[in-house]
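This report walks through one protein model for a reader who is new to structures. Please keep the sequence and the picture in view while reading.

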Amino acid sequence: MAEVTSSGTARAEPAGLRPAAAPVLPRRTARLVLRPFRHDDESDVLAYRGREDVVRYMPADPLQPAGAHAFIAERLPATQITADEDGIILAVEYEGRMIGDLLIKAGRLADRQAEIGWAFNPEFHGRGLATEAARELLMMAFDDLDMHRVWAQLDPRNVPSARLCERLGMRREAYFRQDIWFKGEWGDTAVYALLAAEWRAAYPAG
Ligand SMILES: CC(C)(COP(=O)(O)OP(=O)(O)OC[C@H]1O[C@@H](n2cnc3c(N)ncnc32)[C@H](O)[C@@H]1OP(=O)(O)O)[C@@H](O)C(=O)NCCC(=O)NCCS
C-alpha cells in the first residue's frame with residue numbers, strides 16, 4: 001500500500017520498481033526443459049497429479065481423467081506476469097516426458113513478491129530434478145521478473161518439499177500452528193522465503 005506521509009501526500013514507490021514481464025519460454029537447464037503446458041500433456045499429468053500421495057499436502061484431490069482437459073486448459077494461458085495476481089505455470093520435461101509442474105504467482109505487482117510451488121511425478125523423485133527446475137524458476141523470478149522476494153508455503157509434514165526449499169537456500173520464516181482446516185483436520189503451515197539480494201549473493205553470476 002502506498003504510505004501516507006505526515007504531510008498527507010502519498011509517498012512514491014521506491015525507485016527501480018518496474019512492471020514484471022513475460023519471460024522467454026521455453027527455458028532449458030542441464031537436464032530439463034521448462035515450457036508452457038500443452039494439451040498432449042494429459043496422460044503425463046494424470047500419471048502424477050492423479051495420485052493420492054502426490055496431492056496429499058496440496059489443496060487438491062487426485063486429478064481424474066475426466067478433469068484432465070480442463071486442468072490443462074486452465075494452465076495454458078498462464079505464461080506471463082504483467083498484472084496483479086498473474087501467475088506462470090510451467091510443465092517440466094525430462095527426456096521427452098512431462099514429469100512435473102512449477103508455479104510462480106505474483107501478488108500485487110508493485111510489491112514484487114511471488115509464491116512458488118511444485119509437483120513432480122514420484123517416478124522421477126530423488127534425482128535432484130525438482131531442485132534443478134526450481135532453481136531455474138528462481139532465476140526467472142529474480143532475473144527476468146525482477147521479484148524482490150519469493151516465498152513458498154507448505155504443510156511441515158511435507159518433508160520432501162521443506163527439504164527442497166532448504167536446498168534452494170530458502171529460509172523458514174514462519175510456522176503457523178493449526179491455521180488451516182485441511183483434508184479433515186487442522187493443519188500447520190510453514191512459510192519459506194528468499195530475497196533477491198540473498199539469491200544474488202549465492203549466485204553472483206546469475
Ligand atoms: C516436493 C517434491 C517435488 C520433492 O521431490 P524430490 O525428489 O525430493 O526433489 P529433487 O528432485 O530435487 O530430488 C532431491 C533428492 O534427490 C537427491 N539428489 C540426487 N541427485 C541430486 C542432484 N543432482 N541434485 C540435488 N539432489 C539430488 C537429493 O539428495 C534429495 O534426496 P534427499 O531429500 O533424500 O536428500 C516431491 O516430493 C513432490 O512432487 N511432492 C508431491 C507434491 C507436493 O507435495 N508439492 C508441494 C506442495 S507444498
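## A residue in strand β4

I99 is found in strand β4, which spans residues 97-106; strands here are DSSP runs of E with at least two residues, helices are DSSP runs of H or I with at least four, and both are numbered from the N terminus. The model is a predicted one, in which local features need pLDDT of at least 70 and side-chain atom pairs count only at pLDDT 80 or more, while totals for chains, interfaces and linings use all residues. Residues are numbered from 1 along each chain as its sequence is written.

Is I99 buried or exposed? I99 counts as buried because it has 23 C-beta neighbours inside 10 Å; a residue is buried if 20 or more other C-beta atoms lie within 10 Å of its own, exposed if 12 or fewer, and partly exposed in between, with C-beta atoms placed from the backbone. Leaving aside neighbours within four places in sequence, I99 is in contact with V92, Y94, F120, N121, F124 and L129, where contact requires C-beta atoms, placed from the backbone, within 7 Å.

The chain has six helices and eight strands. An open sheet of eight strands has the order β1-β2-β3-β4-β5-β6-β8-β7, with mixed pairing; two strands pair if DSSP finds at least two bridges between them. The edge strands, each pairing on one side only, are β1 (27-28) and β7 (171-182). Further in, β2 (residues 32-35) and β3 (residues 87-94) pair in the antiparallel sense over four bridges, and the bridge partner of L34 in β3 is V92.

Y175 is found in strand β7, and Y175 is exposed because it has 11 other C-beta atoms within 10 Å. Leaving aside neighbours within four places in sequence, Y175 is in contact with P156, D188 and A190; A190 is 15 residues from Y175 in sequence and 4.4 Å from it in space, C-alpha to C-alpha.

## The nonpolar core

A nonpolar core is a set of buried Ala, Val, Leu, Ile, Met, Phe, Trp, Tyr and Cys residues joined through C-beta atoms within 7 Å. Of the 44 residues in the largest such core, V92, A134, L137, L138 and A141 touch the most other members, and α4 gives the most to this core, with eight residues. Not counting residues up to four places away in sequence, A134 touches L102, I116, W118, L164 and L168.

Which residues of α5 are buried? They are S161, L164 and C165. Seen down the axis of α5, the buried residues fall within an arc of 100 degrees, so they line one face of the helix; the arc is that of the directions from the helix axis to the C-beta atoms. What covers these buried residues includes α4, β6 (149-154) and β8 (185-195), whereas V159, R163 and E166, on the other side of α5, are exposed.

## Around the ligand

Of the 20 residues around the ligand, H125, G128, A130, T131 and P160 come nearest; a residue is near a molecule if its C-beta atom, placed from the backbone, lies within 6 Å of it. The elements that give two or more residues to this shell are β5 (113-120), α4 (129-144) and α5 (159-167).

Definitions and conventions
Two residues are in contact if their C-beta atoms, placed from the backbone, lie within 7 Å.
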